Amino acid sequence: VVLYMCAAFWKLTSSFLNPHTSCGTLLAAELASLLPESMLPADSALARALLLSAPMLTVFGEFSIPLLLVLQPPLGVMLGLFFHLTVILLPVNAAGGFSIMCASRYFFFLPSFAA
């Protein structure tokens, strides 16, 4: 939980929050490129909105995971797994190992299912 809070906190910089300089925008574009063109045309308003909001969505997601892990563990695990799945799907991203490390510890938040 502390790790997620720290990861989210350290993204609260002018460089990360600016969609023109943020790696969040780049990673969202890479993720969007995995979708069929018919699903998300590159020149569409939706694609532009996704790229402009990517840094804030990332920060919101990274703050939401630890809060949900504490308040609603099953929802926190689901959001965390979704988040880390998207990270692992990105071929140019080097954070796959971090995602696997985080996801492998989710069983601590679901003791009734792990027993």
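Student: Over the face of which residue does Lys11 lie?
Tutor: This model is predicted: local features need pLDDT of at least 70, side-chain atom pairs count only at pLDDT 80 or more, and totals for chains, interfaces and linings use all residues. Numbering starts from 1 along each chain as its sequence is written, and side-chain values use heavy atoms, leaving out hydrogens and water. A charge sits over a ring if NZ of Lys or CZ of Arg is within 6 Å of the ring centre and within 35 degrees of the ring normal. At 5.8 Å from the ring centre, Lys11 lies over the face of Phe16.

Student: Which residue forms a salt bridge with Lys11?
Tutor: The structure holds one salt bridge (Lys or Arg side-chain nitrogen within 4 Å of an Asp or Glu carboxyl oxygen). Its closest N and O atoms are 2.9 Å apart. The partner of Lys11 is Glu62.

Student: How many residues apart in sequence are the parts that this pair ties together?
Tutor: Glu62 lies in helix H4. Lys11 lies in the loop between helix H1 (2–9) and helix H2 (14–17), so the parts tied together are apart in sequence by 51 residues.

Student: Does Glu62 count as buried or exposed?
Tutor: Buried means under 20% relative accessible area, exposed over 50%, partly exposed in between (1.4 Å probe, protein chains only). Glu62 has 5% relative accessibility, so Glu62 counts as buried.

Student: Which residues does Ile65 touch, not counting residues up to four places away in sequence?
Tutor: Ile65 is one of the nine residues of the largest nonpolar core. Touching means heavy atoms within 4.5 Å. With that sequence limit, Ile65 touches Tyr4, Gly76, Leu79, Gly80, Phe83 and Tyr106.

Note on methods: Core = buried A, V, L, I, M, F, W, Y, C linked by side-chain atoms within 4.5 Å. Helix = DSSP H or I, 4+ residues; strand = E, 2+ residues; numbered from the N terminus.
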